[in-house]
Every structure is written in C-alpha cells, then in structure tokens.
Amino acid sequence: MLAVVVILNIMCKNVIPFEDWKKLGEEKFKTDDVKQFRFKCPNCKETQTAQDFIDAKVEGASEKFFFSCIGRWVENRGCNLTLGGLLQIHETEVVTSDGNNVAVFEFAE
Ligand SMILES: [Zn+2]
C-alpha cells in the first residue's frame, strides 16, 4: 500500500531542475527578475510575487514567496497555506543546486 502511494506521489509531480524552472518563469513573465514571477496559491488561488513579500516586510521573504501563501503574513489576502505539510497538494518540485527537492507553487497565468 505504501509503495502505491509513493508511486502515485511521484507520478503526479513535475520535478525539474531550478535552472529549467527559472527559464520557464522568464519566458512566461518576460523578465529574468525572479521577484516579479507571479505564483498562485493552490488553496485559495491568490497570486503573489516575492516583491509583495518584500513590500510587506515579511521576514525571510526569499524562502517563502514560492512556498507559502502571503495570507500567513498579510491581512486581507490569501490564506494560511504552506507547502510541506502532511497534505501534499503541490504539483511541482524544483531541484536545487545542492540536490534538494523543494515544493513550489505553480506560476500564475
Ligand atoms: Zn492561499
């Protein structure tokens, strides 16, 4: 049973190297400034950028904007979601240069 869950988990996810992911973002948003990339919370569908986090003075913004809904820190926006909980609802994982898989929000339209 556990094996089935693990296989399903792998099949449902896009796992891509950071460089490829960044390239996709650059093409989509027509900028190489990751701070302008727009992400969509898979729970509440709020969209957010790293710049939003910086503007809101969220501590550690650079590690949060692709991973946690801005609603955790900013009133009247989004929700409380952060990836990495027990419930795995993310679709994409980025492989960092040191070989870790990091769950990320999808790019917004
Ligand atoms: Zn949210």
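Modeller: Terms to begin with: two strands pair if DSSP finds at least two bridges between them. Helices (H or I, at least four residues) and strands (E, at least two) are DSSP runs, numbered from the N terminus. This is a predicted model, where local features need pLDDT of at least 70, side-chain atom pairs count only at pLDDT 80 or more, and totals for chains, interfaces and linings use all residues. Residues are numbered from 1 along each chain as its sequence is written.

Biologist: Which residue stands opposite Phe39 in strand 3?

Modeller: Gln48. Strand 2, residues 39–40, pairs with strand 3 in the antiparallel sense over two bridges.

Biologist: What's the strand order in that open sheet?

Modeller: The order is 3-2-6, with antiparallel pairing. Strand 3 (47–48) and strand 6 (106–107) are at the edges with a single partner strand each, so one side of each has no neighbour in the sheet.

Biologist: How many helices and strands are in the protein?

Modeller: Three helices and six strands. From the N terminus they run α-β-α-β-β-α-β-β-β.

Biologist: New topic. How many residues make up the largest nonpolar core?

Modeller: 12, including Phe39, Phe66 and Phe105. Such a core is a set of buried Ala, Val, Leu, Ile, Met, Phe, Trp, Tyr and Cys residues joined through C-beta atoms within 7 Å. Buried means 20 or more other C-beta atoms within 10 Å of the residue's own, placed from the backbone. Of the 109 residues, 19% count as buried.

Biologist: What is Phe105 in contact with?

Modeller: Leaving aside neighbours within four places in sequence, Phe39, Lys40, Cys41, Pro42 and Phe66. Contact means C-beta atoms, placed from the backbone, within 7 Å.

Terms used: Two residues are in contact if their C-beta atoms, placed from the backbone, lie within 7 Å.
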